[in-house]
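Dear colleague,

Please find below the structure that I am handing over to you. My notes on its salt bridges and pockets follow it.

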Amino acid sequence: MGWLCGLLLLVGIESAAFAEDSPNWRTDLAAARKEAARTGKPLLVVFRCVP
Amino acid sequence: MRGVDLNVFRFNYDLTLAVLLMHADGTIYTNYSGRDATDASSHQSTSSLARVLRETFKVHQRYSKSPAPPPVQPAKTVEKLPWFQNHKQPKCFHCHNIHDAFQWQGRTTKTWSDQDQYTWPDPDQIGLRLDREGQVVAAAVRKDSPAARAGLRKGDRVVSVNRQPTRAFGDVQVALNAVPWGKARVPVVWMRGAKKHAAVLELPQSWKRPTPEQYAWRPMKWPMPPMPGFGGRPLSVEERRAAGLKADNFAFRVGYIVTWGPNRATGHNAQRAGIRKGMVVHGVDGKTDFRDMNHFHAWFRMTRTPGRPVMVAVIQNGTQRTLSLTPLR
């Protein structure tokens, strides 16, 4: 049991994130927000709780 | 959930999956989450998520040109909630632990109310059944419901509720959750084909209180009194027939009686009433059509009254009888 929180910086529908490569998930929320602020990209934040 | 700012990341913490699409400044564009009592993925699919992502990316591009960051507040994290400041913290904070902390704190300080218990209303509570793939598309509109009276019909695409844009099922729940308890008039906008429609949802006094069927899946139900103090495994159709019951008569075999932990008084109370492990329960106050054990537990907690006897129909050693159980406060 546990929780998994995955964060993905969305790089746009034309990118490899939606193509064949696996997304590059981050797990540090604060660092991901800083990266998103720096790059201008949106964030996709996944909260996955297995009860 | 340790370290997660609950002021920013607000969603129904009873869920097993929530996806928030946001700007780095904390603005949430879309809340892709939510479920109903049928299944954890009742309102989620990869295809609908992909479509919502594409729509939201356009929103991000527009917003980024002139962002309006939300006000900065001190971070509110689960480990700092009053309950966990005074009690042992789990090694790992599950999402539902957040609701647990709110509820335990509220019940302990006797400040807990229905408004705290019944959060994140299902759109079905206003008569709007949303489609999984369409997310905000009406799969059905219940007759004589607030949604029907506002003019919504099957196939309509809801684009805003209470002036909040809605792209996903979770957005509709966010908007409804923000409506105060009680009678309310909530603006709603939808597209029917290419034509935009706007109306007002006239919500009655108790609209935010779900039915036991709607609330059954919520882990938040477990600490609610009154509790039966026992539970078990549902009987299969074959087992029901073998016990002399009709196939559609919900029944379960008592597999546990709560004789441990902070709620052990409820189990002892059930034992005093005659509940025993192994006996079959096949009706409570005449109700025999529970969907599953979750429904039974939600119904008992939401509709029975502490201090008022409940008649439990049981079969033990082939003999049918009725036990009188008076739920504790």
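In chain A, A:E35 and A:R26 form a salt bridge whose closest N and O atoms are 2.7 Å apart. Please bear in mind that this is a predicted model. Over all chains, a search of the whole structure finds 11 salt bridges. Side chains of opposite charge can pair when their charged atoms come close.

Two pairs in chain B deserve a description. In one of them, B:D14 forms a salt bridge with B:R218, with 2.6 Å between the closest N and O atoms. B:D14 belongs to the segment before β1 (17–22) of chain B, and B:R218 to the loop between α7 (212–215) and β9 (230–234) of chain B, so this pair ties together parts that are 204 residues apart in sequence. B:D14 is buried, because its relative accessible area of 6% falls under the 20% cut-off. B:R218 is also buried, with a relative accessibility of 3%.

The other pair joins B:R185 and B:E202, whose closest N and O atoms are 3.0 Å apart. B:R185 lies in strand β7 (residues 184–192) of chain B and B:E202 in strand β8 (residues 195–203) of chain B, so the parts tied together are 17 residues apart in sequence. Here B:R185 counts as exposed, at 58% relative accessibility, while B:E202 counts as partly exposed, at 43%.

The largest pocket holds about 940 Å³ of space. Its lining consists of 34 residues, and B:W222, B:P223, B:M227, B:N263 and B:R301 lie nearest its centre. Two or more lining residues come from each of α3 (96–108) and α10 (293–303) of chain B, and α3(B) gives the most, with five residues. By class, the lining of the largest pocket has 16 nonpolar, nine polar and nine charged residues. Domain 1 (18–117) and domain 3 (225–325) of chain B each provide at least three residues of this lining.

The second largest pocket has a volume of about 740 Å³. Of the 25 residues that line the second largest pocket, B:N7, B:V8, B:G26, B:T27 and B:I28 lie nearest its centre. The largest share of this lining, four residues, comes from β2(B). Its residues divide into 11 nonpolar, eight polar and six charged. Where does the second largest pocket lie? Both domain 1 (18–117) and domain 2 (123–203) of chain B give residues to its lining, so the second largest pocket lies between them.

With kind regards

Methods: Residues are numbered from 1 along each chain as its sequence is written. Chains are lettered from A and ligands numbered from 1 in the order in which they are written. This is a predicted model: local features need pLDDT of at least 70, side-chain atom pairs count only at pLDDT 80 or more; totals for chains, interfaces and linings use all residues. Side-chain values use heavy atoms; hydrogens and water are left out. On a 1 Å grid over the protein atoms alone, a cavity is a set of points where a 1.4 Å probe fits but cannot get out, and a pocket is an open set with protein on both sides within 12 Å along at least five of seven lines; lining residues have an atom within 4 Å of a point. Grid points are joined across faces, edges and corners, and a volume is the space filled by probe spheres set on the points. Ala, Val, Leu, Ile, Met, Phe, Trp, Tyr, Cys and Pro count as nonpolar, Asp, Glu, Lys and Arg as charged, and the others, Gly among them, as polar. Domain bounds come from an automatic or database domain assignment. A salt bridge is a side-chain nitrogen of Lys or Arg within 4 Å of a carboxyl oxygen of Asp or Glu. Buried means under 20% relative accessible area, exposed over 50%, partly exposed in between (1.4 Å probe, protein chains only).
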